Amino acid sequence: MLNLTFYPTYFLLVGIPGLEDAHIWISIPFCSIYIFALLGNIMVMVVILTSPKLHQPMFIFLSMLAFNDGLLCTSFAPKILSILWFNGRAISFNGCLLQMFFIHSFTSIESGFLLCMAYDRYIAIYKPLQYSSIITIRLITRLVIVFVVRAVVLVSPGLVLIRRFPAFKTNIIAHSYCEHMAVVKLAAADIRVNSIYGLFVAFTVVGVDLLFIFFSYIMIFNVVFHLPSKETRLKAFNTCTPHICVFLSFYSMGLLSFLSHRYGEKIPLYVHIILSDSYLLVPPMLNPLVYGIKTNVIREEIWKILLCDYSSVALWKQ
């Protein structure tokens, strides 16, 4: 069957090729990271939604980022765990395209939200007196719609191009989830259009967003370094530190995964797969930790909720 072309009704995900005997052991950190990511992002959303003092644009953006992170890791982590635990490799053709759509859409939306948060910090520091009149709920709603529509419009044509392939050389995907190029390489047809379009989408999303994020921080640092006192400069810089850590973790891991996949021919395949999985799992786990540790207001509200729950349990036992 591997030497014939055919149109598959389902694909088989390999998981982590070369480490099949260690799948159970690998599932332990994968499952732990997924649980921490899910619980951490749910905690951030609950704290922001239930605390009136956090109903501010900066924290609204953070709650949207947490919501997107939860959806992103949930779009592929359960399938990876089913492969590692139960050898559940099969995924239908349409299910594969649906997973691909969600993964690439949520990563695009993630990048857009990080850009929104950089813009929010830019306005807060560069034009503090006009902040409340510029960053409004109406603007936030429009930005969310723009980045969601951008993700759908850019990702959908890639799926249509895959469906137009007349046949495939095999239905075995050497990956742990349905990644765009991993599926495209299976086609028994010319894949140049798909490859070029994939690079175009990556450049349009990551390239443009990174350019504007760097421009925002150049302007921010220019203002911060010209502030009169050292204490004021530190206070202004500390408001940006969580976002800097978050976008560095997201883009650096994405860049590492991209470079190893494109140019690391001598790197074992399982290293590529683990890097790709980590790129989608680790940032959603780190984001709530970074904001919970570095943002005093969020940390205080989390402690209030936890202490309130502890007091309620103690009273109930009495």
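## Second largest cavity

The lining of the second largest cavity splits into five nonpolar residues, two polar and one charged. This is a predicted model. The cavity has a volume of about 30 Å³.

Its lining residues are Asn41, Val44, Leu62, Leu65, Ala66, Asp69, Asn287 and Pro288. H2 provides the largest share, with four residues.

## Largest cavity

The volume of the largest cavity is about 70 Å³. Eight side by side in the list below, its lining residues are Met58, Phe61, Met117, Asp120, Arg121, Thr239, His243 and Tyr291. Helices H2 (57-74), H4 (93-126) and H9 (230-263) are the elements that give two or more residues here. H4 gives the most, with three residues.

By class, this lining holds four nonpolar, two polar and two charged residues.

## Both cavities

How many cavities of 30 Å³ or more does the structure hold? There are two. Rolling a probe the size of a water molecule over the atoms shows where empty space is left.

H4 leads in the largest cavity, with three residues.

Notes. Residues numbered from 1 in each chain as written. Predicted model: local features only at pLDDT ≥ 70, side-chain atom pairs only at ≥ 80, totals over all residues. Heavy atoms only, no water. 1 Å grid on protein atoms, 1.4 Å probe; cavity = no way out; pocket = protein on both sides within 12 Å on 5 of 7 lines; lining within 4 Å. Points joined across faces, edges and corners; volume = space filled by probe spheres on them. Nonpolar A, V, L, I, M, F, W, Y, C, P; charged D, E, K, R; others polar.
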